[in-house]
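This briefing is intended to be read beside the sequence and the coordinates. Please keep both in view while working through the points.

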Amino acid sequence: MLVICFSPPCFLPRSPSIIRTIFPPIFHSFNRQFHPLSIKLFSTQDVYAFNVQIGNLSRAGNIGAARQLFDEMPHRDTVSWNSIITGYWQNGCFDESKRLFGLMPTKNVVSWNSMITGCIEDERIDEAWQYFQTMPQRNTASWNAMISGLVRYDRVEEASRLFEEMPRRNVISYTAMVDGYAKIGEIEQARALFNCMPQKNVVSWTVMISGYVENGKFDEAEKLFAQMPDKNIVAMTAMITGYCKEGKTDKAKILFDQIPCRDLASWNAMITGYAQNGSGEEALKLHSQMLKMGMQPDHSTLVSVLTACSSLASLQEGRKTHVLVLKSGYESHISICNALITMYCKCGSILDSELAFRQIDHPDVVSWNAMIAAFARHGFYDRALASFGQMRSNRVEPDGITFLSLLSACGHAGKVHESLNWFNSMIESYKIAPRPEHFACLVDILSRGGQVEKAYKIIQEMPFEADCGIWGALLAACHVHLNVKLGELAAKKIVELEPQNSGAYVVLSNIYAAAGMWGEVTRVRGLMREQGVKKQPAYSWMEIDNKVHFFLGDDASHPEIHRIRLELKGMKLQMITDDDIEEVFSACSC
């Protein structure tokens, strides 16, 4: 059976094998009565039946069988040609569509529209424009296809001009332009066009709501969603994403539970929302529920689940997810491999991170960054540098995240001088503008190295205002090196930026206490009470028997708290006993 994209010219029938298989009655008549006039026996109804089957085979991915059926037809109409031309570009063989279009005896507007759409699908937007300009007559679908194509490739200004020239617009035309304006951030213009639409359908509402969500205007999205007459699953999924971006996972879950028949996109939105908001355990539970309902994960699901495993540092769940990756056939998918590198790194298994990296045939910048960050996190400065060298040998250009990982490697290894060299190299050799996180990392490295004044000087010379991360790094160093003056300044800046940041008050109080300034300690604690600032309790967690246990400071709510305390007392007594035995042996040796 023919399966290649480029088939021989299609003129006379080659063999009746396909006709015999698919249309036995037609074949019987065709075989018995074939002679120069037999083409007359091939009725309009027969042509229609063949055209339908060509379309069905093409959509099923069996373009070879569709082409053989087309070639064996004694008579073809324009629909036959349109069906096979569309079938080829739908199956990734646009050049053969183009060749057949050139051979086509009679073309109609559908033929031209198919070629425009084929060009757009094959990322040939300029060729699509040529077909649009050349076609003898256009209908509304022609204009819509071209406008949608221009929007798809971010050529919204050209799409807008075409929209203005359009003689007759319909709901598809308006919706395409609303989507276009939203994509380039012109959300007010998108809303103005949405408001003046003579008719809206469910897609129009969904596009406008999604536009608000993607442009960070969730309040407006929420209002519009409330006005939407018929809420569909796509709009509800967009709102779930919006709630999660706002950190409102509880509201997202309520909406998620209201979806009667959830598709994979809605499951992914909710799982991703949990994973990105630090609710890794909830993400894993929801993923387990999804699998029990027979829903198969895609690569987006697996990346989100691996992110959840990373946040929980749950190696056991991470390994289970890796098994699912293998079963699903995604072991070489670059996004999943990148997520596996990070997951194994955060779970303490750097060797598994390396194995995941080696699964990638052609690592991109994200892959290299993940591996460099993994080595940095585990204190392997030399290996992080070696990976950077290999990255450059493979002609992959580093970005800001690459240098952030290198600075992090310097920080873990205490390489103060090297960190300054990398920072300067990033700016001068690679022309990458430093972001606040680069300065925060550099300030942290200098501060840890005892160069607090130099760190403060860098803050003063920054091209933008320092954020809480940068001032926080300096404040922590002032606590270690007991620099009261700079500590007061850093704490003041943090409180100005985040008035409810309890960390700044606590660290400043500790600095005063270490300096014996007890009056200032009392003043800071009183200020906390006045401002209603409460210290955030520290917490830790561990995974036992597939369950994550959280422990808050001064929290006695754990169901096994009495056994835990009893065990801790036993460990303390054991430690005291060991110390006493060591003292006895020391005394004897003297």
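The structure is a predicted model. The protein comprises 33 helices and two strands. Of its 590 residues, 43% count as buried. When contacts between residues at least 6 apart in sequence are considered, 56% of them join residues at least 24 apart.

**Helix pair α4 and α5**

- Helix α4 spans residues 63-71 and helix α5 spans residues 78-90; the two pack at an angle of about 160 degrees, and their axes are 10 Å apart.
- Angles over 145 degrees count as roughly antiparallel, and α4 and α5 are therefore roughly antiparallel to each other.
- The crossing in which α4 passes α5 is left-handed.
- On the α4 side the contact is made by Ile 63, Ala 66, Arg 67 and Phe 70, and on the α5 side by Ser 80, Trp 81, Ile 84, Gly 87 and Tyr 88.
- By class, this contact of α4 with α5 consists of six nonpolar, two polar and one charged residues.

**Helix pair α29 and α30**

- Helix α29 (residues 468-481) and helix α30 (residues 484-497) have axes that come within 9 Å and cross at roughly 150 degrees.
- That crossing angle makes α29 roughly antiparallel to α30.
- The handedness of the crossing of α29 with α30 is left-handed.
- From α29, the residues in contact are Cys 468, Trp 471, Gly 472, Leu 474, Leu 475 and Cys 478; they meet Leu 486, Gly 487, Leu 489, Ala 490, Ala 491, Lys 493, Ile 494 and Leu 497 of α30.
- The contact of α29 with α30 divides into eleven nonpolar, two polar and one charged residues.

**Buried residue Ser 367**

- Ser 367 is located in helix α23, which covers residues 365-377.
- Its relative accessibility is 0%, so Ser 367 counts as buried; the cut-off for buried is under 20%.
- A polar contact of 2.7 Å links the side chain of Ser 367 to the side chain of Asn 338.
- Apart from neighbours within four places in sequence, Ser 367 is in contact with Ile 334, Asn 338, Ile 341, Phe 357 and Ile 360.

**Buried residue Val 325**

- Val 325 belongs to helix α20, residues 315-328.
- With a relative accessible area of 0%, Val 325 is buried.
- Residues up to four places away in sequence being left out, Val 325 touches Leu 302, Tyr 330, Glu 331 and Ile 336.
- Pro 297 is 28 residues from Val 325 along the chain, and the C-alpha atoms of the two are separated by 9.1 Å.

- Most residues other than glycine have a negative phi.
- Asp 154, which is not a glycine, has a positive phi of about 60 degrees. Asp 154 is placed in the loop between α9 (140-152) and α10 (156-165).
- Ala 313 likewise is a residue other than glycine with a positive phi, here near 50 degrees. The loop that holds Ala 313 runs between α19 (299-312) and α20.
- Ala 313 has a relative accessible area of 37% and is therefore partly exposed.

Conventions:
Residues are numbered from 1 along each chain as its sequence is written. This is a predicted model: local features need pLDDT of at least 70, side-chain atom pairs count only at pLDDT 80 or more; totals for chains, interfaces and linings use all residues. Side-chain values use heavy atoms; hydrogens and water are left out. Axes are lines fitted to C-alpha atoms, for helices over the stretch in contact, and angles run from 0 to 180 degrees between N-to-C directions. Helices (H or I, at least four residues) and strands (E, at least two) are DSSP runs, numbered from the N terminus. Angles under 35 degrees count as roughly parallel, over 145 as roughly antiparallel, 65 to 115 as roughly perpendicular and the rest as oblique. A crossing is left-handed if the near helix is turned anticlockwise from the far one by less than a right angle, and right-handed if clockwise. Contact means heavy atoms within 4.5 Å. Ala, Val, Leu, Ile, Met, Phe, Trp, Tyr, Cys and Pro count as nonpolar, Asp, Glu, Lys and Arg as charged, and the others, Gly among them, as polar. Buried means under 20% relative accessible area, exposed over 50%, partly exposed in between (1.4 Å probe, protein chains only). A polar contact is a pair of N or O atoms within 3.5 Å; within protein, one must be able to donate a hydrogen and the other to accept it, and residues adjacent in sequence count only if both atoms are side-chain atoms.
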